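Hello,

Here is the structure I promised to pass on to you. Have a look at it first, and my notes follow below.

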Amino acid sequence: MSKVLEEANNIEVTEEQLENNSKGELIKLAGKLRDRRNELNQLASEKASARDDLNAKTREKVDKAQEHREKRDELNEQVQEHKEERNELNAEANDLFEQVEQRKDDLKIDEGKQIEELEEEIEDLEFKQQTEVLDSEDERELIEKIEEKREELQEKREKLNQSGDLEEIEEEAEEVRAEASEHHQKVTELADEAQEHHNQMIEAYREADDIRDEADEKHEEFVEVQEAADQHHEDFVRVQKRLRELDKQEEEEERAEREEKEEAAREEAEEIYQKFKEGETLDTEDLMKLQKTGLL
């Protein structure tokens with residue numbers, strides 16, 4: 001427990017003081033106890049107020065952390081939704097691309113030379129046939145070669161025509177893959193945002209813990225000061241009780257002394273009255289004593 005008190009300013013009351021100190025000393029001691037008690041109660045109130053303020057700040061930080069937690073969880077749910085969409089779209093795109101590859105494989109469109117390349121080769125051969133002087137053998141071979149190329153080109157074109165909507169499937173696959181990429185981008189963005197809220201949540205909880213520790217320290221100080229204030233109050237009550245005892249004792253002593261004086265006065269008055277009955281002359285003082293006791 002922390003020490004916030006100037007213990008030298010505290011006041012202790014012993015049984016010996018209560019028994020042996022004079023009434024004046026006890027009255028002075030009671031005043032000191034009352035003043036110190038009030039001072040400590042004021043300090044305890046300040047400590048309690050500081051503690052309550054810190055506890056309120058702790059709750060604010062915890063509430064803020066909870067807000068970040070809820071936002072993080074909400075974003076993580078969205079991340080999961082976009083992941084599922086992305087995965088479903090990627091699976092769909094993969095299926096479409098597999099269909100395209102399977103169709104191409106079935107038609108063997110990709111085997112050998114491409115249509116554009118064959119067209120260029122045929123064009124070159126025809127140009128050679130038209131511009132060069134060839135003997136009959138070479139020209140025959142050239143014509144055969146052109147025919148072979150034309151047959152291959154025709155076969156390619158027929159296979160391409162047989163492929164039907166192959167290009168449309170490829171385009172659809174690309175579109176689906178692009179849509180999957182958009183969901184992946186959202187996954188990245190939302191995951192980053194969720195991580196930021198997670199980090200802020202952790203920071204808010206850390207700050208709450210720090211403030212709570214400070215609040216706990218203030219509470220320990222409050223308890224320490226309040227216990228000291230309560231002790232001074234108890235001692236104040238003890239001194240007050242002793243003062244009442246002394247007052248009662250004084251009253252009893254005064255009453256006894258008064259009764260003793262009254263008894264002595266009655267006895268003296270009776271003696272004077274006896275003298276009066278015996279015919280002795282009484283002076284003014286004696287007469288006043290008789291009047292005072294009611295004998296005259």
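**What I found**

Let me start with the contacts: of those in the chain with a separation of 6 or more, 86% are between residues 24 or more positions apart, where contact means heavy atoms within 4.5 Å.

A word on the ground rules. This is a predicted model, in which local features need pLDDT of at least 70 and side-chain atom pairs count only at pLDDT 80 or more, while totals for chains, interfaces and linings use all residues. Residues are numbered from 1 along each chain as its sequence is written, and side-chain values use heavy atoms, with hydrogens and water left out.

On confidence, the chain has a mean pLDDT of 87, with 90% of its residues at 70 or more; pLDDT is the predictor's confidence in each residue, from 0 to 100. Helix H2 (residues 23–107) has the highest confidence, a mean of 93, and helix H6 (residues 284–293) the lowest, at 73.

Now the overall build. The chain holds six helices and zero strands; these are DSSP runs numbered from the N terminus, with helices being H or I of at least four residues and strands E of at least two. The C-alpha trace spans about 200 × 35 × 25 Å along its principal axes. The radius of gyration is 58 Å, whereas a compact globule of 296 residues would have one near 19 Å. That radius is taken over C-alpha atoms, and the globule rule is 2.2 Å times the number of residues to the power 0.38.

Of the 296 residues, 26% are buried, which means under 20% relative accessible area, with exposed being over 50% and partly exposed in between (1.4 Å probe, protein chains only).

Two residues are worth a click:

- Thr58 sits in helix H2. Thr58 counts as buried because its relative accessibility is 5%. Apart from neighbours within four places in sequence, Thr58 is in contact with Ala208, Ile211 and Arg212.
- Ala229 belongs to helix H5 (residues 166–277). With a relative accessibility of 1%, Ala229 is buried too. Setting aside neighbours within four places in sequence, Ala229 is in contact with Arg37, Leu40 and Asn41. Between Ala229 and Ala30 there are 199 residues of sequence separation and 14 Å of space, C-alpha to C-alpha.
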